[in-house]
Amino acid sequence: MVTVDVKLHQEKAQQDLPKPRLVIGGEDVTKASGGVHEHRNPATGLVQARIPLAGAEEVDRAVVAARRAFEVWGAMRPADRRRLLTRFGQLIRENIPRFAAICPLENGIGIGGWAETVGPHVADWTDYYAGWADKIEGMVGAAYSPHENVEYTVAEPYGVVGHIITWNSPALSLAMKIPPALAAGNTVVIKPAETTPFSALLFADLAREAGIPDGVVNVVTGLGDAGAALVKHPGVDKISFTGGPVTARKIMADAALGLKPVVFELGGKSANLLFADADLESVVPYCAAFAMSNSGQGCALPTRLLVERPVYDEVVERVAGVVSQLPVGDPLDPATYIGPLIDGAARDRVQSVIENATKDGSGRLVCGGERIVSDGFFVTPTVFADVDNRSALAQCEVFGPVLAITPFDTEDEGVALANDSEYGLSAYVQSRDLARVNRLVPRLNAGTVYVNPGPNPITSPATPFGGVGISGFGREGGKAGLDEFLRVKGVGVGRA
């Protein structure tokens with residue numbers, strides 16, 4: 001067993017957290033019908049805040065406020081929306097250190113790694129969609145009789161959009177969903193997880209400071225019943241959800257009652273194809289460390305490493321050398337790479353995955369696997385080699401710092417292994433052979449393919465991101481992400 005001693009300067013850092021509350025129609029609500037959640041610091045296990053939880057009553061108030069605000073926001077001149085969203089993006093950029101400070105306390109993201117990249121990405125996504133606000137266009141079609149009719153289209157906002165935000169990187173999830181919805185002219189009701197309310201509260205505070213009208217951005221932190229109330233509410237016109245397939249199926253069933261459209265960004269078990277021609281000196285550290293970033297709590301992380309046979313043994317040895325040296329500990333320490341998982345249930349679940357895989361022979365344990373003794377929710381970064389691609393270790397999303405490595409002999413076998421999954425969010429290719437890359441991209445069953453990516457390939461705001469299979473449908477990013485929050489109206493004008 002390994003012992004992690006987390007310094008309790010965490011208590012001092014808790015002063016950086018926004019005051020727990022709901023935000024409804026511009027008002028701060030500190031008492032709510034859903035009860036109270038005791039938020040525990042993931043690094044210490046200690047209660048650091050009491051979070052008021054929305055029930056159906058508060059969700060209804062938020063939807064009513066958003067509907068009322070839509071009459072103002074949806075009718076606003078697009079140039080004015082752009083101006084306010086641009087100011088919003090500037091304020092986010094000015095508050096990047098605050099977003100970074102929240103992350104370690106909210107869900108254990110290391111201040112020296114993933115956390116310091118979050119704020120810039122939130123600002124970039126907001127800036128990008130601010131620029132789209134006054135560039136939304138329709139088109140003039142070919143009329144049935146051009147001498148008598150004019151036919152054209154108008155792209156319009158839905159109205160009120162309900163956003164159910166993921167907990168593993170809540171600030172980034174907010175940035176990928178909220179700015180395009182606002183740029184399109186919609187108002188929003190955001191339901192963060194009870195474990196990660198603070199990023200959403202800072203986000204709403206900065207929207208208010210930017211001059212975005214009250215009620216345009218509402219925050220109703222809550223449990224599953226609050227999410228269900230949001231999905232079923234007749235005043236909500238569309239749902240955007242990031243999370244897992246199990247919850248998505250429940251949301252889809254509830255949305256079906258009102259035939260309400262949804263967009264889902266769900267889980268992944270992303271394959272990373274590493275070919276023998278790759279530069280192992282630079283590629284292996286990336287493949288090893290990026291799979292462990294955010295303590296492995298990322299839907300698009302390359303958690304299946306598929307390695308061409310001629311370099312397989314060398315890659316396994318190199319990966320083990322990198323992973324075994326990744327610092328585990330206090331997420332407020334800039335030197336830490338692996339912080340805690342979100343809570344005790346996540347820690348126990350991931351540790352169980354590791355122990356079961358060791359016992360049933362799903363793979364050969366190369367490094368890690370030891371239990372960590374700590375009051376926080378830590379798991380040792382772990383690598384398995386020779387993993388059976390049909391095993392639970394290779395097929396199920398672990399959402400923890402666990403990497404599965406499998407060999408392949410031919411390009412066709414590598415593609416078959418990569419595609420042998422119900423998930424289809426992302427795929428990765430490491431090769432200097434551009435002809436091979438061009439062959440592989442259309443063959444990989446994934447919404448996004450990253451080829452020889454940099455050290456932190458979070459999708460840029462201009463690039464559509466989303467999955468196929470049980471990784472969901474719809475896109476976030478680019479014009480496709482804007483179009484998710486617009487519906488097209490056809491207009492035919494005859495002779496008067």
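Just after helix α9, Leu-259 takes a positive phi of about 50°. That residue is a handy place to start a tour of this structure, which is a predicted model.

**Helix α9 and its surroundings**

Helix α9 itself covers residues 245–257, a run of 13 residues. From its first C-alpha to its last it reaches 19 Å, close to the 18 Å expected at 1.5 Å a residue. Which residues of α9 are buried? They are Pro-245, Ala-248, Ile-251, Asp-254 and Ala-255.

**The chain as a whole**

Stepping back, the protein chain holds 16 helices and 24 strands. Its radius of gyration is 23 Å, close to the 23 Å that the globule rule gives for 496 residues, so the chain is as compact as a globular protein of that length. Along the principal axes, the C-alpha atoms fill a box of roughly 75 × 55 × 40 Å. Of the 496 residues, 58% count as buried. Among contacts with a separation of 6 or more, 74% are between residues 24 or more positions apart. If you care about the surface, the chain exposes about 19,300 Å², and carbon and sulfur atoms supply 53% of that area.

Between β6 and strand β7 (residues 150–157), the antiparallel pairing runs over two bridges. Val-140 has Tyr-152 in β7 as its bridge partner.

**Salt bridges**

How many salt bridges does a search of the whole structure find? The search gives 27.

| Lys-135 | Asp-134 | 3.0 Å |

Take the salt bridge between Lys-135 and Asp-134 to begin with. Lys-135 counts as partly exposed because its relative accessibility is 43%, and Asp-134 is partly exposed as well, with a relative accessible area of 29%.

Is Glu-281 buried or exposed? At 56% relative accessibility, Glu-281 counts as exposed, whereas Arg-318, at 28%, counts as partly exposed.

Arg-364 lies in strand β15 (residues 364–367) and Asp-386 in the loop between β17 (382–385) and α13 (392–395), so the pair ties together parts that are 22 residues apart in sequence. Arg-364 is partly exposed, with a relative accessible area of 40%, and Asp-386 is partly exposed at 38% relative accessibility. Elsewhere, salt bridges that share partners join Arg-21, Asp-28, Asp-205 and Arg-208 into one network.

**Two buried loop residues**

Pro-197 has its place in the loop between β9 (187–191) and α7 (198–209). Why does Pro-197 count as buried? Its relative accessibility is 1%, and the cut-off for buried is under 20%. Leaving out residues up to four places away in sequence, Pro-197 touches His-39, Ile-51, Glu-106, Pro-192 and Thr-221. Pro-197 and Leu-444 are 247 residues apart in sequence and 36 Å apart in space, C-alpha to C-alpha.

Ser-295 is found in the loop between α10 and β14 (304–308). With a relative accessible area of 2%, Ser-295 is buried. Which residues does Ser-295 touch, not counting those up to four places away in sequence? They are Ile-338, Gly-339, Pro-340, Leu-341, Gly-400 and Pro-401.

Note on methods: Residues numbered from 1 in each chain as written. Predicted model: local features only at pLDDT ≥ 70, side-chain atom pairs only at ≥ 80, totals over all residues. Heavy atoms only, no water. Helix = DSSP H or I, 4+ residues; strand = E, 2+ residues; numbered from the N terminus. Expected span 1.5 Å × (residues − 1). Buried < 20%, exposed > 50% of the residue type's maximum accessible area, 1.4 Å probe, protein only. Salt bridge = Lys/Arg side-chain N within 4 Å of Asp/Glu carboxyl O. Rg over C-alpha atoms; globule rule 2.2 N^0.38 Å. Contact = heavy atoms within 4.5 Å. Areas by Shrake-Rupley, 256 points an atom, 1.4 Å probe, with all protein chains shown as cover. Pairing = 2+ DSSP bridges.
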